[in-house]
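The sequence and the model are shown first, followed by notes grouped by topic.

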Amino acid sequence: YRELEKYKLMVGYVKKALKQYEAAGELYRVCVSLKNIGEAEWYMGFRENAWKFFGEAEKRSKILTDPMQRFGVMWNLAVAFRRIGDVKTEINYLKKCLETVPDTETEKIIEIEARLEQLDKFF
């Protein structure tokens with residue numbers, strides 16, 4: 001529904017999925033769902049609410065034991081802020097991506113560093 005700009009529907013369906021992910025103990029999917037709700041809230045103009053969902057996604061990601069899942073949440077947040085157009089916050093999450101991505105993920109590290117270099121021109 002994001003692409004269709006039907007954010008109210010997006011929130012409704014993601015909240016249903018969120019309940020199922022929580023019941024199933026799927027913490028990574030819970031974090032991504034919280035991020036998705038935050039993004040929809042942002043586009044509907046509820047910025048304060050959106051920040052709460054983004055913060056909760058990041059907070060819960062710290063419990064994840066798989067480093068690639070922790071990285072995945074930070075990456076999802078960075079991409080959300082790229083779509084939103086908030087360069088400073090995107091940079092913040094890209095830096096967190098570099099802190100969480102395993103050293104073996106060379107291609108991802110190169111991709112993140114390239115994006116940071118692109119964004120460097122804004123500052």
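Helices are DSSP runs of H or I with at least four residues, numbered from the N terminus. The model is predicted. Two helix pairs are described below, together with one of the helices on its own.

**Helix α2**
- Helix α2 has 17 residues and spans 25 Å from its first C-alpha to its last, close to the 24 Å expected at 1.5 Å a residue.
- Of the 17 residues of α2, 13 are buried, so the helix is largely enclosed by the rest of the structure.

**Packing of α2 with α3**
- The axes of α2 (residues 27–43) and α3 (residues 47–61) come within 7 Å and cross at roughly 165°.
- Because this angle is over 145 degrees, α2 is roughly antiparallel to α3.
- The crossing of α2 past α3 is left-handed.
- On the α2 side the contact includes Leu 27, Val 30, Leu 34 and Trp 42, and on the α3 side it includes Trp 51, Phe 53, Phe 54 and Arg 60.
- The residues of this contact comprise 11 nonpolar, 3 polar and 6 charged.

**Packing of α5 with α6**
- Helix α5 (residues 87–100) packs against helix α6 (residues 106–119) at an angle of about 155°, with the axes 10 Å apart.
- The two helices are therefore roughly antiparallel to each other, and their crossing is left-handed.
- Val 87, Glu 90, Ile 91, Leu 94, Cys 97 and Leu 98 of α5 meet Ile 109, Ile 112, Glu 113, Arg 115, Leu 116 and Leu 119 of α6.
- By class, the contact of α5 with α6 has 9 nonpolar, no polar and 3 charged residues.

Conventions:
Residues are numbered from 1 along each chain as its sequence is written. This is a predicted model: local features need pLDDT of at least 70, side-chain atom pairs count only at pLDDT 80 or more; totals for chains, interfaces and linings use all residues. Side-chain values use heavy atoms; hydrogens and water are left out. Axes are lines fitted to C-alpha atoms, for helices over the stretch in contact, and angles run from 0 to 180 degrees between N-to-C directions. Angles under 35 degrees count as roughly parallel, over 145 as roughly antiparallel, 65 to 115 as roughly perpendicular and the rest as oblique. A crossing is left-handed if the near helix is turned anticlockwise from the far one by less than a right angle, and right-handed if clockwise. Contact means heavy atoms within 4.5 Å. Ala, Val, Leu, Ile, Met, Phe, Trp, Tyr, Cys and Pro count as nonpolar, Asp, Glu, Lys and Arg as charged, and the others, Gly among them, as polar. The expected span of a helix is 1.5 Å times one less than its number of residues. Buried means under 20% relative accessible area, exposed over 50%, partly exposed in between (1.4 Å probe, protein chains only).
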